[in-house]
Amino acid sequence: MKPSLSLPEFVALLSFLVVGGMLRILLLDFEAVEHFDEGIYASPLWYDGQFGEPYPARYLFAPPLLSGMMECVNWIPGLGRWAPFLPSVLLGTATILGLWWLARSWFGKPAGVFVAAIVAMSDFHIIYSRMALTDVACLFWIMISTGLGTRAVARQCLRSAIAAGFVCGLAWWTKYTGWLPLAIVCSGSGLWWIWQGRTSLRLTKFIQILATICVVAGATFAPWWWQLKSVGGYHAVTATHASYVTGWSSWSKNLAQQLHIQFLLDGFTGQLSLGLGLFAAGIVRWTCGRSTWNTMSGKACPETAESPTSQPLTFPPMRLLLRFIGAAIAISVLSFRIWAPLMLICLALA
């Protein structure tokens with residue numbers, strides 16, 4: 001984890017968190033359970049009590065964690081009207097903090113602030129955060145598990161590995177694709193270890209960390225796996241999901257359809273997020289203290305240690321800040337001219 005928050009970073013993060021939370025909870029009274037899958041996940045709130053049994057084959061759609069969270073919200077006086085939506089709203093808002101932490105841990109403070117802006121104002125993520133679906137909740141757990149898993153490998157920390165496995169188990173309890181952190185961490189860290197990690201991390205220790213994550217994740221999910229035995233086991237679930245896979249022959253068509261949907265849902269807040277995010281990241285970078293432009297101290301702006309307090313704090317030239325502002329304006333104009341998801345793809349490729 002990077003050093004403690006500076007004031008500009010804290011203000012930027014808090015601002016994006018407040019904006020993101022408001023966009024997700026605003027006018028929630030107008031939301032309704034409309035999608036078929038939403039009705040399945042929210043069925044404990046209306047079907048179980050009326051018919052005295054769970055909705056038929058509900059286990060094929062998703063594990064019960066999200067439905068259980070809806071039931072818990074429904075027990076809180078005054079919140080029953082929004083019970084189907086509040087779990088996704090809360091976890092969707094928490095995703096802003098989670099992805100800020102992940103990007104900050106991997107790429108530094110400016111990247112964390114930029115990503116927080118993108119997530120907070122993403123039209124696509126806002127819409128799904130206001131629905132009774134498993135996607136936003138599962139994404140939150142997957143992201144936290146992946147971050148803890150990479151932290152466990154980087155710091156050779158078994159406690160982080162246990163936490164990563166447990167959170168992965170929660171993702172698995174939310175959606176049947178919740179095991180994805182295991183694939184991400186094992187494949188990514190495995191390539192890293194072959195490339196350079198073997199010089200600083202013993203193979204036995206590396207395997208121990210990955211095995212801990214996998215075993216804890218499996219143990220966390222095991223109770224639901226065991227309950228599935230009475231309805232045909234996990235094989236019944238995988239057999240149903242296999243029917244959704246159309247193969248590589250349809251890959252380009254499916255990708256085009258997904259991009260088309262992203263473009264349709266692209267709106268003002270998503271387009272504005274790129275410029276605001278870049279501007280906030282520039283402010284954080286410019287105010288981080290001593291930098292490569294500070295010829296008096298001759299030290300780069302540290303990302304892993306705070307600047308010594310015994311030396312006077314100086315800032316880079318103002319023209320650098322003006323460049324950040326110019327870049328933020330330019331990317332905002334481009335985002336309004338073309339789709340924000342396309343801009344993000346270009347930034348990722350760059």
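Helix axes are lines fitted to C-alpha atoms over the stretch in contact, and angles between them run from 0 to 180 degrees between N-to-C directions. On this basis, in the predicted model, the axes of helix 8 and helix 10 (residues 180-195) come within 9 Å and cross at roughly 30°. Angles under 35 degrees count as roughly parallel, and helix 8 and helix 10 are therefore roughly parallel to each other. Their crossing is right-handed. On the helix 8 side, the contact is made by Ile142, Ser145, Thr146, Gly149 and Val153. Helix 10 contributes Leu180, Pro181, Ile184, Val185, Ser189 and Trp192. By class, this contact holds 7 nonpolar and 4 polar residues, with no charged ones.

Helix 8 (residues 135-155) also packs against helix 9 (residues 158-174). Here the angle is about 160° and the axes lie 8 Å apart. An angle over 145 degrees counts as roughly antiparallel, and helix 8 and helix 9 are therefore roughly antiparallel to each other. Helix 8 passes helix 9 in a left-handed crossing. From helix 8, the contact draws on Ala137, Cys138, Trp141, Ile142, Ile144, Ser145, Leu148, Gly149, Arg151 and Ala152. From helix 9 come Ser160, Ala161, Ala163, Ala164, Val167, Cys168, Leu170, Ala171 and Thr174. The residues of this contact divide into 14 nonpolar, 4 polar and 1 charged.

The loop between helix 8 and helix 9 holds Gln156. Gln156 is not a glycine, yet has a positive phi of about 55°. Its relative accessibility is 34%, so Gln156 counts as partly exposed. Leu27 likewise has a positive phi of about 55° without being a glycine. Leu27 sits in the loop between helix 1 (7-25) and helix 2 (36-41). With a relative accessible area of 54%, Leu27 is exposed.

A search of the whole structure finds 17 aromatic pairs. One of them joins Phe221 and Tyr234 edge-to-face, at 6.0 Å centre to centre and 85° between the planes. This pair links distant parts of the chain, with Phe221 in helix 11 (residues 203-227) and Tyr234 in helix 12 (residues 233-242), 13 residues apart. Residues under 20% relative accessible area count as buried. Phe221 is therefore buried, at 0%. Tyr234, at 16%, is buried as well. Ring pairs link Phe221 and Tyr234 with Trp172, Tyr176 and Trp225 into a cluster.

Helix 11 also holds Thr220. The relative accessible area of Thr220 is 15%, so this residue is buried. Leaving aside residues up to four places away in sequence, Thr220 touches Gly165, Phe166, Gly169, Leu170 and Trp173.

Arg323 lies in helix 15 (residues 318-337). Arg323 is exposed, with a relative accessible area of 57%. Its C-alpha is 9.8 Å from that of Phe279, although Arg323 and Phe279 are 44 residues apart in sequence.

Technical notes
Residues numbered from 1 in each chain as written. Predicted model: local features only at pLDDT ≥ 70, side-chain atom pairs only at ≥ 80, totals over all residues. Heavy atoms only, no water. Helix = DSSP H or I, 4+ residues; strand = E, 2+ residues; numbered from the N terminus. Parallel < 35°, antiparallel > 145°, perpendicular 65-115°, else oblique. Left-handed = near helix turned anticlockwise from the far one by under 90°. Contact = heavy atoms within 4.5 Å. Nonpolar A, V, L, I, M, F, W, Y, C, P; charged D, E, K, R; others polar. Phe/Tyr/Trp six-rings, centres within 6.5 Å; stacked < 30°, edge-to-face > 60°. Buried < 20%, exposed > 50% of the residue type's maximum accessible area, 1.4 Å probe, protein only.
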